[in-house]
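I am opening a notebook on a structure that is new to me. I will look at confidence, then the overall build, then single residues.

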Amino acid sequence: MSLVKEISKRRTFGIISHPDAGKTTLTEKLLLFGGAIQEAGAVKSNKIKKGATSDFMEIERQRGISVATSVLAFNYKDKKINILDTPGHKDFAEDTFRTLTAVDSVIVVIDVAKGVEEQTEKLVQVCRMRNIPMIVFINKLDREGKDAFDLLDEVEQKLGLQVTPLSFPIGMGYDFKGIYNIWEKNINLFSGDSKKNIEETIAFDNIEDPELDGIIGANAADSLRENLELVHGVYPGFDRDAYLKGELQPVFFGSALNNFGVRELLDCFIDIAPFPRPKQSEERLVKPDEETFSGFVFKIHANMDPKHRDRLAFIKIVSGTFERNTPYLHVRHNKKMKFSSPNAFFAEKKEIVDISYAGDIVGLHDTGNFKIGDTLTEGEILNFKGIPSFSPEHFRYINNADPMKAKQLMKGIDQLMDEGVAQLFTLELNGRKVIGTVGALQYEVIQYRLEHEYGAKCTYENFPVHKACWVEPENPKSEEFAEFKRVKQKFLATDKQGQLVFLADSAFSIQMTQQKYPSVKLHFSSEY
Ligand code: GDP
């Protein structure tokens with residue numbers, strides 16, 4: 001089949017939400033529609049209960065065995081769907097940010113009772129910055145929740161989105177009767193009292209039809225008519241171009257647990273969601289239908305089994321086809337590599353494949369050659385723009401607790417940083433290493449993994465830093481910059497890329513520094 005045809009079949013996306021909104025449940029229902037799994041309960045939640053490290057270790061160990069949960073692929077109608085896993089726990093937000101560099105669109109799940117929550121806000125902000133097309137799914141309609149219009153307002157206000165409802169609920173919670181599908185112009189009803197998977201779809205082109213009163217009751221029919229009038233009056237109509245540009249977000253209502261409104265979401269999704277999009281590299285814009293292969297590493301998954309310290313590097317194919325046993329250029333190392341057992345993903349399994357197409361994800365076994373952001377091509381020098389690093393929230397010195405294992409410790413730290421577990425800063429003054437993370441949980445994870453995978457022991461020491469700022473002097477040779485470096489020496493470090501970073505101890509200190517050294521720019525992310 002032609003490359004263009006293969007590409008146009010692909011839908012690679014992520015589901016983002018605050019923990020507990022229903023991401024795992026929705027994923028599972030989508031897989032059921034694809035026939036990729038046969039029963040509910042087959043998709044393992046990657047959730048960390050109560051934030052306990054032991055849970056995380058347990059989950060990671062399971063995932064180490066079944067790493068395929070990082071990508072869940074299935075066929076639905078004539079489309080190939082790739083769902084990329086995005087951890088909802090805030091301590092792993094960076095992992096999710098990076099995964100968002102590999103998706104072509106996202107579905108945002110919101111709990112009808114809780115509304116827009118903190119983690120959703122952060123993740124949507126990243127999607128907005130990158131103009132990623134988003135569809136919103138408001139979940140748990142079988143429960144009492146907020147009024148639909150209030151919720152739509154909240155989504156617009158807090159997430160900065162422009163919404164257009166493509167479905168609308170009839171009642172809610174105890175009175176939840178079903179959903180009017182604005183997109184398909186039909187009504188889906190829960191039949192009888194049981195809200196269990198029973199669904200009846202009745203086409204209704206004209207909701208003025210008095211038959212509606214007979215089906216859902218006169219009161220519900222009237223209020224649906226009023227609500228839809230308001231929807232049409234207040235919100236812009238659906239416009240696919242605007243959606244694809246990230247300027248308009250369709251909204252669906254439903255209940256993932258009851259499998260209600262999920263098919264509607266999926267059917268609309270495969271119609272409107274984008275197939276693989278061109279991606280900007282530092283050198284040029286790369287289009288998916290180019291004949292030559294290119295791709296980049298967006299995630300590295302360590303195998304938690306201490307007996308095999310191998311890792312799986314996840315590559316998003318940006319253009320062309322990736323073929324087994326074919327030499328490709330590892331651009332950063334300027335070295336040709338070939339892969340005898342690239343993994344593709346189907347449902348929860350991974351299998352060796354001969355050929356994968358732009359939009360797909362392949363998993364490559366890695367013994368330490370890759371780091372996040374690395375590019376593979378057929379020979380061309382390309383560097384895909386990744387997600388920048390943001391300032392971590394926590395900073396600690398890392399000390400070696402076993403002098404005999406200094407080498408192992410360095411290797412372990414190095415590889416864990418390549419995986420993107422945390423950020424490493426090396427102090428200019430004395431070469432001490434500082435680890436920055438988004439969540440305190442990571443320190444325990446790092447300690448555990450250093451010990452179990454590398455046989456190294458470490459201790460931490462607090463280092464009070466308010467924010468890491470990436471430093472850009474207007475003129476690196478200026479007197480002002482030299483003075484800045486002299487005065488701030490104690491607070492200067494380099495990141496893993498060798499970029500200069502100012503570890504400010506307070507917001508006040510950032511402000512003072514900016515006033516005193518106006519020609520030295522301070523940035524809050526590593527890309528500027
Ligand atoms: P995640 O953290 O976003 O992956 O959330 P889960 O899918 O694990 O769901 C969190 C909880 O909400 C679980 O107990 C689900 O059974 C429940 N849940 C998910 N969808 C629905 C729904 O539509 N209605 C109700 N009542 N509960 C739901």
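**Confidence**

I start with pLDDT, the predictor's confidence in each residue, from 0 to 100. The model is predicted, so I note its rules: local features need pLDDT of at least 70, side-chain atom pairs count only at pLDDT 80 or more, and totals for chains, interfaces and linings use all residues. Residues are numbered from 1 along each chain as its sequence is written.

I looked up the chain average, and it is a pLDDT of 87. I also see that 89% of the residues score at least 70. For the complex, the predictor gives an ipTM of 0.99 and a pTM of 0.85.

Where is confidence lowest, and where is it highest? I find it lowest in helix H3 (residues 53–65), at a mean of 50. It is highest in strand S5 (residues 134–139), at 98. Helices (H or I, at least four residues) and strands (E, at least two) are DSSP runs, numbered from the N terminus.

Two residues are in contact if their C-beta atoms, placed from the backbone, lie within 7 Å. Where pLDDT is low, the predicted coordinates should not be read in detail.

**Overall build**

I count 14 helices and 31 strands in the chain. Of its 528 residues, 46% are buried. A residue is buried if 20 or more other C-beta atoms lie within 10 Å of its own, exposed if 12 or fewer, and partly exposed in between, with C-beta atoms placed from the backbone.

I then checked contacts with a separation of 6 or more. Residues 24 or more positions apart account for 72% of them.

The chain is divided into domain 1 (9–66 + 87–274), domain 2 (280–377) and domain 3 (394–523). These bounds come from an automatic or database domain assignment. I read 30 Å between the C-alpha centres of domain 2 and domain 3. Their contact takes seven residues from domain 2 and six residues from domain 3.

**Cores**

I turned to the nonpolar cores. Each is a set of buried Ala, Val, Leu, Ile, Met, Phe, Trp, Tyr and Cys residues joined through C-beta atoms within 7 Å. The largest has 104 residues, and Val 106, Phe 137 and Ile 315 are among those with the most contacts inside it. Strand S15 (residues 311–319) gives the most to this core, with six residues. I see at least three residues in this core from each of domain 1 and domain 2.

What does Val 106 touch, leaving aside neighbours within four places in sequence? I list Phe 13, Gly 14, Ile 15, Ile 16, Cys 127, Ile 132 and Met 134. A second, separate core has 30 residues, including Phe 395 and Val 465.

**Ligand**

I find 19 residues around the ligand, the closest being Lys 23, Thr 24, Thr 25, Ser 255 and Leu 257. A residue counts as near if its C-beta atom, placed from the backbone, lies within 6 Å of the molecule. Helix H2 (residues 23–33) gives the most to this shell, with three residues.

**Single residues**

I checked Thr 164 in strand S6 (residues 163–165). Is Thr 164 buried or exposed? It counts as buried because it has 21 C-beta neighbours inside 10 Å. Its contacts beyond four places in sequence include Tyr 235, Phe 238 and Val 251. Tyr 174 is ten residues away along the chain, yet I read 26 Å between the two C-alpha atoms.

I looked up Leu 244 in helix H9 (residues 240–244). With 18 other C-beta atoms within 10 Å, Leu 244 is partly exposed. It touches Pro 133 and Pro 274, not counting residues up to four places away in sequence.

I noted Asp 20 for its positive phi of about 85 degrees, although it is not a glycine. Asp 20 sits in the loop between strand S1 (10–17) and H2.

Asn 325 also has a positive phi, near 60 degrees. I place Asn 325 in the loop between strand S16 (321–323) and strand S17 (328–330). Asn 325 is exposed, because 10 other C-beta atoms lie within 10 Å.
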